[in-house]
Amino acid sequence: MIKPKRSAEQQVADEIERRALHPLSSRQTISDSQAEPEFHANHKRLRAERLAREAVEIGLKAKGK
């Protein structure tokens, strides 16, 4: 049993209909292997920025005394 090929327009229409019926499942999910390195890189960057801000604040407080 061979299914007839669908046109590109029909495939797009079917995909839009599927997304409308299931909006949560249509979202792209990021696998753990992709998300973990990005999370750690972002965490390191934010920590470095926080430490830099705190160092400036401590320096300003020391000058004021």
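**Exercise 1.** With which residue does R50 form a salt bridge, and how far apart are the closest N and O atoms?

*Solution.* The structure is a predicted model.
1. The partner of R50 is E54, and the closest N and O atoms of this pair are 3.2 Å apart.
2. The cut-off for a salt bridge is a side-chain nitrogen of Lys or Arg within 4 Å of a carboxyl oxygen of Asp or Glu, and the R50–E54 contact is a salt bridge at 3.2 Å.
3. Both residues belong to helix α2, where four residues, about one turn of the helix, separate R50 from E54.
4. The relative accessible area is 35% for R50, a partly exposed residue, and 33% for E54, which is likewise partly exposed.

**Exercise 2.** Determine where E49 and R45 lie, and describe the contact between their side chains.

*Solution.* 
1. The side chains of E49 and R45 meet in a salt bridge, with an N to O distance of 3.0 Å.
2. Helix α2 spans residues 32-64 and contains both E49 and R45.
3. Because E49 and R45 are four residues apart in this helix, about one helical turn separates them.
4. E49 has a relative accessible area of 35% and is partly exposed; R45, at 41%, is also partly exposed.

**Exercise 3.** Identify the salt-bridge partner of D14 and classify the accessibility of each residue in the pair.

*Solution.* 
1. D14 pairs with R6 in a salt bridge whose closest N and O atoms are 2.1 Å apart.
2. Partly exposed residues fall between the buried limit, under 20%, and the exposed limit, over 50%.
3. D14 has 25% relative accessibility, so D14 counts as partly exposed.
4. R6 has 46% relative accessibility and therefore counts as partly exposed.

Technical notes:
Residues numbered from 1 in each chain as written. Predicted model: local features only at pLDDT ≥ 70, side-chain atom pairs only at ≥ 80, totals over all residues. Heavy atoms only, no water. Buried < 20%, exposed > 50% of the residue type's maximum accessible area, 1.4 Å probe, protein only. Helix = DSSP H or I, 4+ residues; strand = E, 2+ residues; numbered from the N terminus.
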